[in-house]
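Q: I am new to this structure and would like to go through it step by step. Could we begin with the charged side chains?

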Amino acid sequence: MSITEASQAGLSALVTATEEGRNTPLSRHGKVVAEVVSTKEITQLRHDRDTLRDAALAMARSATDSGIRTTLDHAMEIFNLNRAELEAENAREAQCDNS
């Protein structure tokens with residue numbers, strides 16, 4: 001359905017169609033640019049996206065895990081940080097989050 005047609009049909013008609021289980025693709029110049037979908041479907045899509053992201057992260061970690069571990073102190077040394085700087089940065093971030 002073109003955006004013009006959707007506008008003429010009205011929001012109520014789009015919502016009714018969605019409640020009846022019909023998704024409505026919306027197009028501009030013949031190209032689909034959006035789709036009206038149910039809350040149930042978008043919730044499932046978001047859950048699937050999060051699950052896939054977590055799976056991809058786990059697979060990447062597994063594929064690149066050399067078994068070598070480093071301590072926080074060693075990592076801070078590599079990045080030229082010290083504990084006082086790290087704690088001060090964490091305190092600033094916490095203060096910004098609480099503002």
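A: Arg49, Asp50 and Arg53 are linked in a network of salt bridges, a salt bridge being a side-chain nitrogen of Lys or Arg within 4 Å of a carboxyl oxygen of Asp or Glu. Please note that this is a predicted model, in which local features need pLDDT of at least 70 and side-chain atom pairs count only at pLDDT 80 or more, while totals for chains, interfaces and linings use all residues. Residues are numbered from 1 along each chain as its sequence is written, and side-chain values use heavy atoms, with hydrogens and water left out.

Q: What is the N to O distance between Asp50 and Arg53?
A: The salt bridge between the side chains of Asp50 and Arg53 has an N to O distance of 3.3 Å.

Q: Where do Asp50 and Arg53 sit, and how many residues apart are they?
A: Both belong to helix H3, residues 39-64. They are three residues apart there, so about one helical turn separates Asp50 from Arg53. Helices (H or I, at least four residues) and strands (E, at least two) are DSSP runs, numbered from the N terminus.

Q: How many salt bridges does a search of the whole structure find?
A: The search finds five. Among them, Arg69 and Asp65 meet through their side chains at 2.9 Å, N to O. Arg69 is exposed at 60% relative accessible area, whereas Asp65 counts as partly exposed at 40%.

Q: Which residue forms a salt bridge with Asp73?
A: The partner of Asp73 is Arg83, with the closest N and O atoms 3.0 Å apart. Asp73 lies in helix H4 and Arg83 in helix H5, so this pair ties together parts that are 10 residues apart in sequence. Asp73 is partly exposed, with a relative accessible area of 42%, and Arg83 counts as partly exposed at 42% relative accessibility.

Q: What lies in the loop between H4 and H5?
A: Leu81 has its place in that loop, between helix H4 (72-78) and helix H5 (83-98). Asn80 lies in the loop between H4 and H5 as well. Asn80 has a positive phi of about 60 degrees although it is not a glycine, and it counts as exposed at 66% relative accessibility.

Q: Now the strands. How do S1 and S2 run?
A: Strand S1 (residues 24-28) and strand S2 (residues 31-36) run antiparallel, joined by five bridges. Two strands pair if DSSP finds at least two bridges between them.

Q: Which residue takes a positive phi in the hairpin of S1 and S2?
A: That residue is His29, with a phi near 55 degrees, in a hairpin that has two residues between the strands. His29 is exposed, with a relative accessible area of 82%.

Q: And Thr24, is it buried or exposed?
A: Thr24 is buried, with a relative accessible area of 8%. Thr24 lies in strand S1, and its bridge partner in S2 is Val36. Leaving aside residues up to four places away in sequence, Thr24 touches Met1, Leu14, Ala17, Ala34, Glu35 and Val36, where contact means heavy atoms within 4.5 Å.

Q: What does Thr18 touch?
A: Not counting residues up to four places away in sequence, Thr18 touches Val36, Val37 and Ser38. Thr18 has its place in helix H2, residues 11-19, and is buried, with a relative accessible area of 11%.

Terms used. Buried means under 20% relative accessible area, exposed over 50%, partly exposed in between (1.4 Å probe, protein chains only).
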